[in-house]
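Dear colleague,

Please find below the structure that I am handing over to you. My findings follow directly after it.

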Amino acid sequence: MRALYDSKSKTMNDRGIKELLSNEAKYKTWLLFEAALAKAQAEAGFIPEQAAKDIKEAAKIENIDFEEMDRIYRKIGHGFVPFLKVLVNACPEDSGKYIHYGITTQNIQQSSQLYMMKTVHDKFMILLGEILANLSELAEKSKDMVMTGRTHGRHATPITYGYKVSVWISDFIDAYERMKESEKRVFKIMMGGAVGTFSSMPEVGIDVQKRVAELTGMYYMEVPSRNISTHKLEYMMNLSLLANICHKIGEEVYSTTLEEIAEVSEGFTKGTVGSSTMPHKINPKLAKGIIANSQKLYSLPSVGSYSAVRPYEGDSSSYMLFDGLVEESLELMTEILLRTEELTRTMTPNEDRLLYNVMRNKGLDNTEYVMMKMAEKLGKDESHSLLYDIAIKTAADGEDFYNNLINNEVIMTSFNTDEIKEMLDPRNYTGLSRELAEKEASRGRETSNQIFKEYH
């Protein structure tokens, strides 16, 4: 794989995805489509039924002479014709002549690549289901862990860690729906021949293409043009959007594991070495792998967009580029999702530290709470001006917010000291954090179960 490795990937179970992207898987998929094409053509009366049976029997990986294929390749320099020649040789003579009948190389290669993409996609969806299950459990566990909310990198109003996780769950559910809904547009086969007009089999071509799609569990292109690449672009963009959610979690974990913040920790295996020169180092390996691979993935749809606009009815410079872009996108996404699954399963919020950090400003984070209570008496604008002056004086002069409040006559005509203390406690101003965490945990579990039913 061409993903940006770190040491973690060498011991990580890839769930069989690497094998699904191997050369052997590619050749098996080519054979699958050649056999499906022959069967569909025989059913349509376009080739003899016996030829389709013979082709199906020959189209097995153990029948392919790879040494001969390599020899032919070195002689003629075409990437697909050597495969066809050895497949023809594996068939009885009368049947071999019907292999790859009426179509072109790109029909098999692109259909096969999208089929392989779909097999990997199914693995991605299962990983997405596991991530949602992990986050749902985490949201439940941390729904009452009060912490500071942050906007623009600074303290805002308090939240709970479970609320933070609920944001990720909501985002991932949207990603699942996006990925699921795109399947009918993305995983399409093409059997339209040289330029997509079914010129070699006009009477049966459309029906043959539909049947091949049925036999392989795929959809089909209404117009099988070799110059349509937007479905591949859509999938790469969907992967980028999915990676972006993982990346967001990775960035947050990366920064909040800092010793100065220490609000969360990654899962850690004893014996893991973080540095060759600093024995104390425990690095956020999962997070940094997510960040690096996501950043690389974002660039690929942009490159594809430039290539997708090549003119005329086909251009191999575009196919060759897209072959690499699609494969690399899948490889990068594999690394991102594997790390995100482990991270969401093993990360641990530090409840004491979360509370310590939200208490650092001694109630200043609850200024909005005091302001809204004052607004009931003074109106929103006047109460905002009053609390702004007190809050800025507190922050600028390093003073105590509580003392500044109780020394203000307007404030003290409305509240007593116990009420002020109550309003300054961040645990009393988390809004619907707990409820949202519970709601999204439930939705996450439901979606996860749905994914497992659909893709296992």
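Helices in this message are DSSP runs of H or I with at least four residues, numbered from the N terminus. The model is a predicted one.

By that numbering, Ser329 belongs to helix 12. Its relative accessible area is 0%, so Ser329 is buried. Apart from neighbours within four places in sequence, Ser329 is in contact with Met236, Leu239, Leu297 and Leu300. Helix 12 spans residues 316-346 and also holds Glu335 and Arg339, which stand four residues apart, about one turn of the helix. These two residues form a salt bridge whose closest N and O atoms are 2.6 Å apart. Both Glu335 and Arg339 are buried.

Other salt bridges

The count for the structure comes to 33 salt bridges. One of them joins the side chains of Arg434 and Asp144, at 2.7 Å from N to O. Arg434 is in helix 19 (residues 433-455), while Asp144 is in the loop between helix 7 and strand 1 (146-151), so the pair ties together parts that are 290 residues apart in sequence. Arg434 has a relative accessible area of 34% and is therefore partly exposed. Asp144, with 42%, is partly exposed as well.

A further salt bridge links Glu183 and Lys180, with the closest N and O atoms 3.6 Å apart. The two residues lie in helix 8 (residues 161-186), three residues apart, about one turn of the helix.

Nonpolar cores

The largest nonpolar core has 99 residues, and within it Tyr161 and Phe172 touch the most other members. Helix 7 (residues 105-141) gives the most to this core, with 14 residues. Setting aside neighbours within four places in sequence, Tyr161 is in contact with Leu138, Ser142, Met145, Met147, Trp168, Val264, Met347, Pro349 and Leu354. There is also a second, separate core of 18 residues, which includes Met371, Leu387, Ile390 and Phe401.

Helix 14

Helix 14 (residues 367-378) is made up of twelve residues. From its first C-alpha to its last it reaches 15 Å, close to the 16 Å expected at 1.5 Å a residue. Its buried residues are Thr367, Tyr369, Val370, Met371, Met374 and Ala375. What do the buried residues of helix 14 pack against? Their partners are helix 15 (380-397), helix 16 (401-406), helix 17 (409-412) and helix 18 (417-424). Gly379 follows helix 14 and has a positive phi, near 95 degrees.

Aromatic side chains

Searching the whole structure gives twelve aromatic pairs. In the pair of Tyr98 and Tyr101, the ring centres are 5.3 Å apart and the planes stand at 70 degrees; planes over 60 degrees apart count as edge-to-face, so this pair is edge-to-face. Tyr98 counts as buried, at 17% relative accessibility, and Tyr101 counts as partly exposed, at 33%. Elsewhere, Tyr27, Trp30, Phe66, Phe80 and Phe83 form one aromatic cluster. A charge over a ring is found at Phe322, where Lys232 lies over the face at 4.9 Å from the ring centre.

Backbone at two non-glycine residues

Arg15 is not a glycine, yet has a positive phi of about 60 degrees. Its place is in the segment before helix 1 (17-20), and at 26% relative accessibility Arg15 counts as partly exposed. His100, also not a glycine, has a positive phi of about 60 degrees. This residue lies in the loop between helix 6 (93-96) and helix 7.

With kind regards

Methods
Residues numbered from 1 in each chain as written. Predicted model: local features only at pLDDT ≥ 70, side-chain atom pairs only at ≥ 80, totals over all residues. Heavy atoms only, no water. Phe/Tyr/Trp six-rings, centres within 6.5 Å; stacked < 30°, edge-to-face > 60°. Buried < 20%, exposed > 50% of the residue type's maximum accessible area, 1.4 Å probe, protein only. Lys NZ or Arg CZ within 6 Å of the ring centre and 35° of its normal. Core = buried A, V, L, I, M, F, W, Y, C linked by side-chain atoms within 4.5 Å. Contact = heavy atoms within 4.5 Å. Expected span 1.5 Å × (residues − 1). Salt bridge = Lys/Arg side-chain N within 4 Å of Asp/Glu carboxyl O.
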